[in-house]
Amino acid sequence: NELFFIEDGALLVEDSKIVRVGSKSDFGDLNNCEVIDHGQSLICPGFINLHSHLLYSTFEKENTSDGLFPWLENLLDKIQITDENTFRDSIKYGIEESLSSGTTYIVENTPSVLSIEELSKSPIKALIGIEVFGSDEKEAERVFNDTMTAIRELPLHESPHLELTLSPHAAYDVSSPLWKLLIDWAEKNNKLLLTHLEESPEERFWWQEKKGDGLSFWKKINKLDSKLKYWKPYRSGVDVLDQNNLLSKNIIATHLCQAYRKDLTALKESNVSLVHCPRSNYHLSNGLANIALWDELGLLWGLGTDSLASNDNLDLIEE
């Protein structure tokens, strides 16, 4: 698609709605209007940040090149000593930074109701995915039912600019039976599921070899035993979902730094949408996605910033 620019352009705004767009000369007499001259600026639609974690906006970026799981361990240590007010301030800071760089819509991933409460007070629009975890296949139905009960009680009824969905965290964190329940829910209710997929080399090593940095992290959070109990070899996280008929057009998958052609072809066949967070992925030594291959295969994709715990800012122009 060609980009279309209007040089020396103008917008006519009435009651906070854009009612006309054109060249300044097209508007004629402006004596009855308040004229705001933005000088040498670009006026454009607000940006959409397709992947964020506002909860961690005031967390200092970890100076680690050891990869995803050591970074997650450090992040978890910080989360455990952070109180509610600090989290609220962190979310507010992320909202302010997003708005200041032109973002007006955020796809937020969070385990906390605090993100909903703070976003509801802001002018920013958002799709909020409540994170879901559960590796124990026998616990799938209980986790799903508990999640359904929890989301029915969330404070969204007075926030028409917010939409709620679920975010099964990753293929290695959510059992196949739980994935199935979540996919069925999303398709029945026309919801998008948010997930992390093929983010790091360590994930593929886990699926193929049952080794790697993930083991120490999952042991630390007491989630290793169920993963070992129900694990069987797969090529990748995409392969897990594909082999269990869990890929769906209702999935937005983020990262895909380590996805190869066979994985990407499976995602394309299921019309899964993709998100890349290049600066965060680079910082965590996860590599960069093969965007040329994404385009060659005709995948639908966009950009996200991830969080300030792994990025310099939330500016999509810099991304």
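Tyr56 is buried, with a relative accessible area of 9%, where buried means under 20%, exposed means over 50%, and partly exposed is in between (1.4 Å probe, protein chains only). Phe59 is buried too, at 8% relative accessibility.

Before going on, a word on the ground rules. This is a predicted model, in which local features need pLDDT of at least 70 and side-chain atom pairs count only at pLDDT 80 or more, while totals for chains, interfaces and linings use all residues. Residues are numbered from 1 along each chain as its sequence is written, and side-chain values use heavy atoms, with hydrogens and water left out.

**Rings that pair up**

How many aromatic pairs does the structure hold? There are eleven. Rings of Phe, Tyr and Trp (for Trp, the six-membered ring) pair if their centres lie within 6.5 Å; planes under 30 degrees apart count as stacked, over 60 as edge-to-face, and the rest as tilted. Here are two of the pairs:

| Pair | Distance between centres | Angle between planes | Kind |
|---|---|---|---|
| Tyr56 and Phe59 | 5.4 Å | 50 degrees | tilted |
| Trp294 and Trp301 | 5.9 Å | 75 degrees | edge-to-face |

In the tryptophan pair, Trp294 is buried at 0% relative accessibility, whereas Trp301 is partly exposed at 31%. Elsewhere, ring pairs join Phe69, Tyr172, Trp206, Trp207, Phe217, Trp218, Trp231 and Tyr234 into a cluster.

Now look at helix 4, residues 140-152. Helices (H or I, at least four residues) and strands (E, at least two) are DSSP runs, numbered from the N terminus. Helix 4 has 13 residues and reaches 19 Å from its first C-alpha to its last, close to the expected 18 Å; that expected span is 1.5 Å times one less than the number of residues.

Which residues of helix 4 are buried? They are Ala140, Val143, Phe144, Thr147, Met148 and Ile151. These cover an arc of only 135 degrees around the axis, so they sit on the same side of helix 4; the arc is taken from the directions from the helix axis to the C-beta atoms. Over on the other side, Glu141 and Arg152 are exposed. The cover for the buried residues includes strand 5 (125-132), strand 6 (162-168) and helix 5.

**A lysine in a loop**

Where does Lys191 lie? You'll find Lys191 in the loop between helix 5 (176-189) and strand 7 (193-197). The side chain of Lys191 reaches the backbone oxygen of Leu164 at 3.0 Å. Leaving aside residues up to four places away in sequence, Lys191 touches Glu163, Leu164, Thr165, Trp185, Ala186 and Asn250, where contact means heavy atoms within 4.5 Å.

**Two positive phi angles**

Finally, check out His255 and Leu256. His255 is in strand 8 (residues 251-255), and its phi is near 100 degrees, a positive value in a residue other than glycine. Leu256 lies in the loop between strand 8 and helix 10 (261-269), with a positive phi near 55 degrees. His255 counts as buried at 0% relative accessibility, and Leu256 counts as buried at 0%.

Definitions and conventions. Polar contact = N/O pair within 3.5 Å; in protein donor to acceptor, adjacent residues only side chain to side chain.
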